[in-house]
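Biologist: Hi, I'm new to this one. Can you walk me through what there is to see?

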Amino acid sequence: MNNLDLYWGGFVTTLTTCVIALLLSFVLGFLIAIMRVSTVGWMRFISRWYVEFLRNTPLLVQVFIFYYALPTLEIDWLNFDGFQAGMLGLTFYTAAYIAENIRSGIQSVPSGQLEASRSSGLSYLQSMIFIILPQAFRIATPPLGNQFINLIKNSAVLAFFAGGDIMYVADSLQSSGAVFPVYITAGIFYLILTIPMSVFVNFLERKLAV
């Protein structure tokens, strides 16, 4: 209990990182998903390889690339501190999964609906915005919620790069000898983040009757 202020600082850092990474990964994942179902070949090619690379390599390796590898290129704007490298790694990694969730939702909508909307005079973009995407997001809500919860848990990777997150605080305190309560307390702080998210996702599922 004497270290609650330290845990609170780690909690704020973790929450800040997760909120920023969640927003960025959703936007990036949405764009990648649109490219995945595009009729333009080079868009499908790039987005497919993005998803395959990010989903099939460990998150830790990707953050190492941001933190250690990119600065060796000696380009000023590619020098990231621990917080930035961790956040970017979380963003790019999570976006790959979000892209696949949204793509799967889009492809679950019967193709006849797109054809019907086009025949009624809507453009391809209008058909996607008003007909396809609302249904796709409804279908993709459960897996998207799981990805957001995974993002929070994956944020523990920040501890490797002095990110000042919950796990970093726990690792710093475990040398005091009270290992068990240190990590149990860290787990409780993660639950404070994940349980409300889980409740919110369940609420959305019931609201949308997924």
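This is a predicted model: local features need pLDDT of at least 70, side-chain atom pairs count only at pLDDT 80 or more; totals for chains, interfaces and linings use all residues.

Biologist: Okay, core to begin with. How many residues are in the largest nonpolar core?

Modeller: The largest nonpolar core has 53 residues. Tyr7, Tyr50, Phe80, Ile106, Ile166 and Met197 have the most contacts inside it.

Biologist: And which elements give two or more residues to this core?

Modeller: Those are H1, H2, H3, H4, H6, H7 and H8. H6 covers residues 124–154.

Biologist: Which one gives the most?

Modeller: H4 does, with 11 residues.

Biologist: You listed Ile166 there. What does Ile166 touch?

Modeller: Leaving out residues up to four places away in sequence, Ile166 touches Gly10, Phe11, Thr14, Ala186, Phe189, Tyr190 and Leu193. Ile166 belongs to helix H7, residues 166–173, and is buried there along with Val169, Ala170 and Leu173.

Biologist: Where do those buried residues sit around the helix?

Modeller: Looking down the axis of H7, they fall within an arc of 100°, so they line one face of the helix.

Biologist: What do they pack against?

Modeller: The buried residues of H7 pack against helix H1 (4–36) and helix H8 (179–208).

Biologist: Switching to charges. How many salt bridges does a search of the whole structure find?

Modeller: The search finds 2 salt bridges. In one of them, the side chains of Arg36 and Glu100 meet, at 3.0 Å from N to O.

Biologist: Why does that pair tie together parts that are apart in sequence?

Modeller: Arg36 lies in helix H1 and Glu100 in helix H4, so the pair ties together parts that are 64 residues apart in sequence.

Biologist: Are Arg36 and Glu100 buried or exposed?

Modeller: Both are buried.

Biologist: And what does Arg103 form a salt bridge with?

Modeller: Arg103 pairs with Glu100, and their closest N and O atoms are 3.1 Å apart. Both of these residues lie in helix H4, 3 residues apart, which is about one turn of the helix. Arg103 and Glu100 are both buried. Arg36, Glu100 and Arg103 are linked in a network of salt bridges.

Biologist: Why does Trp42 count as exposed?

Modeller: Trp42 has 52% relative accessibility, and exposed means over 50%.

Biologist: Where is Glu74?

Modeller: Glu74 sits in the loop between helix H3 (59–69) and helix H4 (82–108). At 69% relative accessibility, Glu74 counts as exposed.

Biologist: Last one: what about Ala116, where is that found?

Modeller: Ala116 is in helix H5, residues 111–119. Its relative accessible area is 43%, so Ala116 is partly exposed.

Biologist: And how are Ala116 and Ile131 separated?

Modeller: Along the chain they are 15 residues apart, and 10.0 Å separates their C-alpha atoms.

Terms used
Residues are numbered from 1 along each chain as its sequence is written. Side-chain values use heavy atoms; hydrogens and water are left out. Buried means under 20% relative accessible area, exposed over 50%, partly exposed in between (1.4 Å probe, protein chains only). Helices (H or I, at least four residues) and strands (E, at least two) are DSSP runs, numbered from the N terminus. The arc is that of the directions from the helix axis to the C-beta atoms. Contact means heavy atoms within 4.5 Å. A nonpolar core is a set of buried Ala, Val, Leu, Ile, Met, Phe, Trp, Tyr and Cys residues joined through side-chain atoms within 4.5 Å. A salt bridge is a side-chain nitrogen of Lys or Arg within 4 Å of a carboxyl oxygen of Asp or Glu.
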